[in-house]
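Please keep the sequence and the structure in view while reading.

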Amino acid sequence: MSTNDTNIVPRDKLAKFELTEESLNSFRKNQNIPLDLYNKDGQILIHKKRNPTEADFGKLLKFEMQGVYFLISELKKSKPNGAEKPYLEPGRTTKLFDIEKTARFAKQSQALIEDLRKTSFSSDQAVFVQNSVNELLTDFTSNPDFELGIFNILEILSVAGVSVESELMTKRTVVAMGMKVRTRKIVNEGKEESNKKDHLSLMMASYLMDVGYSRLEVKQTPKLTKEEYAVVQQHPIISYLMTLPAPEVESHVRTLILNHHRPYRGNGVNNNFPDPRSLFTKLMSVRDKYNKEVGKERITQDIELQLHLQENNVTTSSFEEDIAILSLASEYASLTSNQPWRPAFKSSTALKMILNDSFFSYSNKNIRHLLDYVGSSLTNNENIINFGDFVITASVDSEKRAHFDICLVLDVGRYQTRPKLQRICSINPVFQKGIKFKIADFDLKSIKIDRRKAIMDLALQAGTTRVIYIIDPELNPALHEAVYKLNLNT
């Protein structure tokens with residue numbers, strides 16, 4: 001881009017513009033770009049414009065990672081009374097879910113779970129589930145504030161009077177829907193129907209993926225024996241097999257159900273289950289059984305498809321993204337629900353726990369989908385990463401070695417997973433192998449102070465550095481106190 005240096009706007013007169021799906025959609029809807037937009041060097045990218053073209057939007061998206069800026073003076077003009085105090089965008093305080101409809105959805109889910117303890121999954125039940133999730137999705141996307149509003153699902157379910165199983169099913173489906181809808185950017189017009197089909201497939205999988213528990217006797221305790229955990233690991237297979245009698249459930253939905261505990265492919269330390277070898281053996285056994293029965297051709301074809309996908313490790317980025325969404329929504333639902341062995345965690349605490357346990361389980365992109373697109377909607381517009389917090393980042397060098405740094409949060413923009421940070425020191429994690437690999441804590445004796453106090457803005461970087469841990473005074477008081485004192489002294 002060529003420009004005259006005399007037209008460059010000084011950096012201190014610019015503020016960062018959050019180039020989000022909702023802002024772009026607003027421009028499209030109003031057929032207007034209401035601000036002059038600049039790059040980080042103060043050079044004009046695009047002037048205020050009526051009837052912008054897709055080429056104009058494409059030009060802006062090229063600068064998404066580097067940052068897009070606008071004149072601070074324009075912000076003052078747009079605020080009531082010229083106030084400098086930050087204010088919420090219109091619609092961000094809207095509660096998105098109808099109390100009566102959502103409670104009815106949860107109660108119907110509870111009735112379905114009870115039926116499945118005694119009967120097989122039928123076509124009538126499959127149609128009921130399809131209609132239920134379709135109504136939920138339609139209500140959600142027809143709300144003009146669906147990209148901004150509050151997920152008031154915890155508030156509704158706290159007084160709905162349904163079982164834990166139904167609460168988990170409802171909550172999981174709602175959160176998975178929100179993540180899928182909000183992260184699916186619609187760049188061109190006319191894709192709504194194909195998007196809706198993908199959204200409904202994910203919601204069907206989210207709704208049905210744990211129905212296998214209705215056929216298992218599982219102890220209500222967090223401390224399972226090796227044998228008991230092996231039983232739990234079978235529930236994706238059982239859930240899959242339970243859906244086979246209903247042709248209304250698509251094979252793609254069944255593939256998601258079968259793999260919903262596999263946010264990473266393969267047999268890595270993230271402890272995916274069921275194990276691919278045992279899964280393959282089980283599916284072959286069931287296929288051989290149905291091959292001997294008349295009228296089971298459709299079922300054997302579905303099993304053959306799943307065997308092919310497993311054997312050849314067939315996957316796509318969209319499929320892996322969906323699996324991660326299912327897994328994250330399930331974790332959130334579990335942590336925010338009362339269990340026989342513990343009370344429910346607050347929504348913000350649950351999100352922090354998921355982030356702090358994410359290093360071996362989820363990619364940076366997966367965590368961004370949860371925290372940046374639905375995170376504040378789950379916590380009444382409150383971020384879990386804020387100015388003054390201490391966080392730990394992980395980065396990978398050219399030799400694929402991981403490095404961990406303790407940082408102070410200096411600023412948080414639209415995306416809380418991309419804060420501006422000041423590096424305090426490096427530190428080594430303490431890894432633990434139990435049911436799965438995890439970071440159990442961090443070794444205070446391994447700290448090496450960064451005298452430079454290097455500053456990095458993750459919003460402007462495209463590297464491997466990611467926030468993997470929030471040093472929270474409630475979740476890890478010893479580490480927080482040590483880091484707090486260390487920061488004061490340095």
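## Nonpolar cores

A nonpolar core is a set of buried Ala, Val, Leu, Ile, Met, Phe, Trp, Tyr and Cys residues joined through side-chain atoms within 4.5 Å. Buried means under 20% relative accessible area, exposed over 50%, and partly exposed in between (1.4 Å probe, protein chains only). The model is predicted, so local features need pLDDT of at least 70 and side-chain atom pairs count only at pLDDT 80 or more, while totals for chains, interfaces and linings use all residues. Residues are numbered from 1 along each chain as its sequence is written, and side-chain values use heavy atoms, leaving out hydrogens and water.

The largest nonpolar core has 83 residues, and Phe-97, Leu-208 and Ile-303 have the most contacts inside it. Helix H14 (residues 317–335) gives the most to this core, with nine residues. Helices are DSSP runs (H or I, at least four residues), numbered from the N terminus. A second, separate core of 18 residues includes Ile-427 and Leu-486.

## Helix H12

The buried residues of helix H12 are Leu-279, Leu-283, Val-286, Arg-287 and Tyr-290. Seen down the helix axis, they fall within an arc of 105 degrees (taken from the directions from the axis to the C-beta atoms), so they line one face of H12. On the other side, Arg-277 and Thr-281 are exposed.

## A salt bridge

A salt bridge is a side-chain nitrogen of Lys or Arg within 4 Å of a carboxyl oxygen of Asp or Glu. Arg-287 and Glu-304 form one (3.4 Å, N to O). Arg-287 lies in helix H12 and Glu-304 in helix H13, so the pair ties together parts 17 residues apart in sequence.

Conventions:
Helix = DSSP H or I, 4+ residues; strand = E, 2+ residues; numbered from the N terminus.
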